[in-house]
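User: I would like to go through this model with you and ask, for each description, what grounds it rests on.

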Amino acid sequence: MNDRAQLHTLEGLSAAFIITLTVLTITQSTIIVTPQNELAMDVQLEQLSSDSLAVIDMAEHGPIRNNLTECIAGWDMTEAAYPDNNLEELDAPLSYLLPGILYNVDLAYFNNDDLNVKKVIIHGSPSENAVVVRHLVTLTNETVSLAGGGWNLADDEIKVVEVRMTAWKV
Amino acid sequence: MKNLFKDEKGASLLFEYILVTLICIGFFMTVTLNSNEIFIKTPNEAVMQDEMSDVGNMMSTMITDMYLVLPPNGNIDTGYRIPEKVGRENYVINANIAYTNQIIEVISASSGKNVRVTIGGIARTMPINGTASSSSTQHVISYDSTR
Amino acid sequence: MESLKDDTKGQWIALSGLVISLILIGLAALANQAMLAGYHSSNAALEFPKENIRELNLHTKDNARIIRDLSLSINQTSNETVPVIFENLFDSYSDQVKKLHAVHGETVNVSLVSINSTNGTYNHDIDMILVNIRYNDGNTYYASEPEMIEVRE
Amino acid sequence: MFDKKGQIAIDFLLGISLVLIALGFTIQFIPGLFISGSAGESSLDYTAYRTAAVLAEDTGWWENITMNGTDWENHPDGMLRIGLAADDEPRSRLTDTPNLISKKKTEQFLLLNESTIIEKLGLYNDVEDTHFAYGYNISILKNDRYLVLNNTTVHRGLPVPGDREMSGITRIVLIETGTVASFDAKELPVDPYSPGSENTIINITGPLNYELTIEIDNLNISGVDPSFKKLVLDGTNLNEGTDYTAYKVINGTELPLTSTGKIDSGGTVIFRMDPGLFSGSHTYQLQIDMKDITFTNTAPPIPEYSEQQEILYEPAYLEVVVWQ
């Protein structure tokens, strides 16, 4: 028998085999690498975050005890310093509603013409894909004194506060 | 047959070259003949299907989102951008059949390929109509309660 | 098989196969990277400021109710009429909302159109407020004119 | 056959042809290779998002020749759009309370037939006027389990297949799960049937078929170990865990309370009662026994649950998953 005659056939066979194998590997891996694209995950995160604020805003009874206005009204006007949070009433329902998601909450409001942005909940520094959602609440002296907060409003004053939440996946 | 294998001249250098050349010519002929099909049409088809469904879905999602905040008295205008071409072709977004079929259609003018996207019953309470052509990339969806 | 070992020449067919595979892998890696970077032909749909518009609208409604209650209680101790107090408070609200949105590059205008009372005693009580709400973020323009708000519970 | 020279060309040809065939296949594959992974997927993403948005934020719509409104749950025949958001003003098209899910609409949604859901929610792919329905799974989850409304689990569609590309979106919603009545402990009477200032009583008129929640706040603590002892319904002791669960509120969060756990001063206690207890149509008497907590009012009147009751909304997750 002549052995040499098969040399090139074997070579060709192995080359074909390598190419086919590569194609197969790639087809399999594209699906594994991108199970859900980035866009969809961002949308989901943003939706969950804004839902959580909306739901807290409407809550009355059940596991969420205080609605968003009451939570904010009860703030004692001191900023949070990591790792201590300063608004446990809001942190509790948020962590209940958003398992696996970290967030920071800032309050923005105007004192005459000066913008104040105060940190009230800090859970770390946001990652690259963080989303920001906003919600507005109106405080009056009545809601503040009921919730025992330190806002110090006049009887005939209303204060619009923007609750700004930065959320990201861990 | 025995002779074929025994004869060394049968596979002479010349015959070898002829065979190789023939096979190569055969291969390149097939490739050239089908190159348009293989290298341009198939990828284009795949890209078009993808992008047209993207554009249609974008429209449908935007209309749904808009519907959910429509003012009872008033108006909304929102600008959006669409890609100039899907694959290599121009296209038209057609929302005129939305009322009856609950569908937004993206049609390519030259190849006639179309992709349809559902809009989930919204068109029955908010009449939707209009077309948008990819010849301009900036468009506006507009709603006015008084019309 | 002896001759296979002996032959140390190029084996270029197998080599070309390997090269083609490597090119393919490179291509696949590139394509995946583009996907991971969030490249998408059109994500304008999700840039529609639905939540912002809704929040502005719903909050204005809530706020009108809060202001109504507040102005009725201020009226007990003040000699101003309810509509006057209401208007002042609403102006303050409108101003604060405008500033808060301006921070994000959005133009918002909430203005009071009229204060209505069905029993005609709107010096003391109010049950319907009409306001104009306008929102513009440069890409989307929203106007509700007027938005009718029932403030009596 | 023993010649060592003749075969080189045929051998080479065979090798090169094999490579060319493989190469041809590969080239044919390439365009589909990189795009097919995301082609149907982005469409599914959008569909899931739209479906969830319409369900959670829209009220739905029905109309016939003379009338229309958002209360489609009362007129399923004329239903044009499915939406689960609660609405107190059926004439106006939008709701002021997105993400607040109506119990009646959800119940009606569970009764709709398969083709109506696919058609009205647009859960299909339209290719040349032929509809190819997507697989879908719409459910409301509470504490990682399907929510149960009136003995029906809130779940439509097929179980999610593990081997397919799919896309899902989750929304946080508030759903009506039952009723709640809040009582001020200062207004609750001392139980006249088993006197003792640490026992109080509430009347509950049946039949009731939804979960009851009783909240008592402003508790007057009189000793060192303020706690809750037991619940007695018409003379029978109730079982903790099966007939009811008890909670206390600390810092705005609900924590489980056992019959030995301590209650903080000024605290609130909450009892969740199984609806099966109140199926008869007469008035039940629920006796609440405390320890080191006193009540001062005298009966009559005995407070009635239904006079205080409000709708209880609880947070839950609305999940929509679609696949080809």
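User: Which helix of chain C is the place of Asn57(C)?

Analyst: In this model, which is predicted, Asn57(C) belongs to helix H3 of chain C, a helix that covers residues 50-77.

User: Why is Asn57(C) called buried?

Analyst: The relative accessible area of Asn57(C) is 9%, and the term buried applies under 20%, so Asn57(C) is classed as buried.

User: What is Asn57(C) in contact with, once its neighbours within four places in sequence are left aside?

Analyst: The contacts are with Ile133(C), Tyr142(C) and Glu147(C), and the criterion behind the word is heavy atoms within 4.5 Å. Helix H3(C) itself lies across S1, S2 and S3 of chain C and runs at about 25° to S3(C).

User: Which other helix lies across S1 and S2 of chain C, and at what angle to S1(C)?

Analyst: That is helix H4 of chain C, residues 82-102, which runs at about 165° to S1(C).

User: What is the order of the open sheet of five strands, and which are its edge strands?

Analyst: The order is S6(B)-S1(B)-S3(C)-S2(C)-S1(C), with antiparallel pairing, and it takes in strands of chain B and chain C. From one strand to the next, the twist averages 15°.

User: What makes strands S2 and S3 of chain D edge strands?

Analyst: They belong to an open sheet of three strands with the order S2-S1-S3 and antiparallel pairing. Strand S2 (68-69) and strand S3 (79-81) of chain D each have a single partner strand, so one side of each is left without a neighbour in the sheet. Between S1(D), residues 61-63, and S3(D) there are two bridges, and because the criterion is at least two, this pair qualifies. Trp62(D) has Met79(D) as its bridge partner in S3(D).

User: Why is strand S16 of chain D described as largely enclosed by the rest of the structure?

Analyst: Strand S16(D) spans residues 227-233, and five of its seven residues are buried, so the description follows from that count.

User: Which strands pair with S16(D), and over how many bridges?

Analyst: Six bridges join S16(D) to the antiparallel strand S21 of chain D, residues 283-291, where Asp289(D) is the bridge partner of Lys230(D). Strand S17 of chain D, residues 236-237, also pairs with S16(D) in the antiparallel sense, over two bridges, and here Leu233(D) has Thr236(D) as its bridge partner. The hairpin of S16(D) and S17(D) has two residues between the strands, and Asp234(D) in this hairpin takes a positive phi near 45°.

User: How is chain D divided into domains, and what distance separates their centres?

Analyst: Domain 1 comprises 34-177 + 315-323 and domain 2 comprises 189-302; taken over C-alpha atoms, their centres are separated by 38 Å.

How values were computed:
Residues are numbered from 1 along each chain as its sequence is written. Chains are lettered from A and ligands numbered from 1 in the order in which they are written. This is a predicted model: local features need pLDDT of at least 70, side-chain atom pairs count only at pLDDT 80 or more; totals for chains, interfaces and linings use all residues. Side-chain values use heavy atoms; hydrogens and water are left out. Helices (H or I, at least four residues) and strands (E, at least two) are DSSP runs, numbered from the N terminus. Buried means under 20% relative accessible area, exposed over 50%, partly exposed in between (1.4 Å probe, protein chains only). Domain bounds come from an automatic or database domain assignment. Axes are lines fitted to C-alpha atoms, for helices over the stretch in contact, and angles run from 0 to 180 degrees between N-to-C directions.
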